[in-house]
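Below are some notes for a colleague who is looking at this structure for the first time. Please keep the sequence and the model open side by side while reading the numbered points.

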Amino acid sequence: MEKSFSKIKKALLIGIGGGADIVGTIPTKILLKTYGVKSILGGIPWERYSIDPYPGPRPFSQIINKTKINDSLCWARKNTKTKDGLYFSESKVADVLNEKVILINIFNSPKSIANDLLLFSRKNKIDLIIGIDVGGDILATGNEPGLASPLADSIMLAALSHISTKIQTLIGVLGYGSDGELKPEEINKSLSIISEKRGLLTSSGINQESYLLMKKIIKRVETDASRIPLLAFEGVRGPHSIRRGKIQIEIHPMSQITFYLNTKKLFRYISFSSRLVYKSKDILDANDILLRNGFRTELNYEIQTHNRFIALNNKE
């Protein structure tokens with residue numbers, strides 16, 4: 001797999017889970033740089049509810065100081081924010097790197113996102129797209145009791161699956177349980193299945209350059225899951241609390257590794273949720289499909305939390 005990186009000229013690296021997943025693209029960016037590959041970074045304008053008390057991702061209509069590319073993509077810079085003043089993790093990364101990044105309009109259908117990604121890639125001579133998930137919940141089969149936020153990952157995996165025969169795509173998984181949703185044994189099981197199907201292509205750890213850059217970024221970006229790989233690189237191991245003490249995870253050397261997977265094989269053999277939303281019409285349809293099939297979703301959680309907050313305020 002590493003040899004094929006040398007054939008790549010330019011890559012698009014997308015943090016596909018929302019929040020600060022764009023921070024998790026940095027080790028891959030630095031890895032590709034050693035092969036002479038230029039990278040454009042991207043992410044989803046969806047911060048955790050504790051950071052942005054707005055339920056769900058922000059639609060493009062609420063975002064200012066952006067440059068529209070097409071219906072699913074826009075350029076973001078350090079001054080890109082919502083009309084009510086929220087700066088995205090992507091905006092902060094753009095500021096630290098002093099370069100523009102991509103925002104993905106995840107309200108669209110997987111097929112629309114896929115087509116727009118393909119058009120953008122062809123116009124900008126991109127020959128590789130890697131979706132980066134921090135934590136590993138994209139490895140969920142759907143039976144894991146801790147799975148709580150499959151929606152964004154599922155939509156983006158479905159989108160990349162749509163175009164995986166037209167452009168090279170990969171899924172990178174960093175953090176090995178750093179988001180607290182999947183247990184190590186659940187991650188191990190999925191990686192073993194992918195490996196058996198010849199879909200685990202390679203892996204790579206954080207190096208000093210990516211460590212220092214990520215360290216600089218997380219001074220600006222609030223993140224739990226993307227901080228764990230840095231702690232692992234520093235030699236920290238053992239139990240660690242995230243989500244303001246609500247969730248306990250385990251830090252170990254594997255926490256700093258990015259595993260690179262074949263998109264289609266992950267889609268076909270592991271991600272039931274992504275197969276469910278493959279033909280969904282938009283994010284609301286995808287959310288409804290997952291809920292009907294017994295999944296919890298991050299969108300539903302945020303809507304319910306927001307409604308409870310409004311109800312409590314109305315009582316006062």
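1. Leaving aside its neighbours within four places in sequence, Ser109 is in contact (heavy atoms within 4.5 Å) with Ser280, Lys281 and Asp282. This residue is found in the loop between β5 (101-104) and α4 (110-123), where helices (H or I, at least four residues) and strands (E, at least two) are DSSP runs numbered from the N terminus. With 9% relative accessibility, Ser109 counts as buried, a word that stands for under 20% relative accessible area with a 1.4 Å probe and protein chains only.

2. The model is a predicted one, in which local features need pLDDT of at least 70 and side-chain atom pairs count only at pLDDT 80 or more, while totals for chains, interfaces and linings use all residues. Residues are numbered from 1 along each chain as its sequence is written, and side-chain values use heavy atoms, with hydrogens and water left out.

3. Ile104 has its place in strand β5 and, at 0% relative accessibility, counts as buried. Residues up to four places away in sequence not being counted, Ile104 touches several others, among them Ile14, Phe60, Leu117 and Met156.

4. Nine strands form an open sheet of mixed pairing, in the order β3-β4-β5-β2-β1-β6-β7-β11-β8, two strands being paired if DSSP finds at least two bridges between them. At the edges are β3 (63-68) and β8 (200-205), each of which pairs on one side only. Within the sheet, β7 (residues 168-174) and β11 (residues 257-262) pair in the antiparallel sense over five bridges, and Val173 stands opposite Phe259 in β11.

5. Helix α4 packs on the sheet, touching β1 (10-15), β2, β4, β5 and β6 (128-134), and its direction makes about 90° with that of β4. Axes here are lines fitted to C-alpha atoms, for helices over the stretch in contact, and angles run from 0 to 180 degrees between N-to-C directions.

6. Helix α4 also packs with helix α5 (residues 151-162), at an angle of about 55° and with the axes 8 Å apart. The two helices are therefore oblique to each other, given that angles under 35 degrees count as roughly parallel, over 145 as roughly antiparallel, 65 to 115 as roughly perpendicular and the rest as oblique. Where they meet, the residues include Ile113 and Leu117 in α4 and Ile155 and Met156 in α5.

Key:
Buried < 20%, exposed > 50% of the residue type's maximum accessible area, 1.4 Å probe, protein only.
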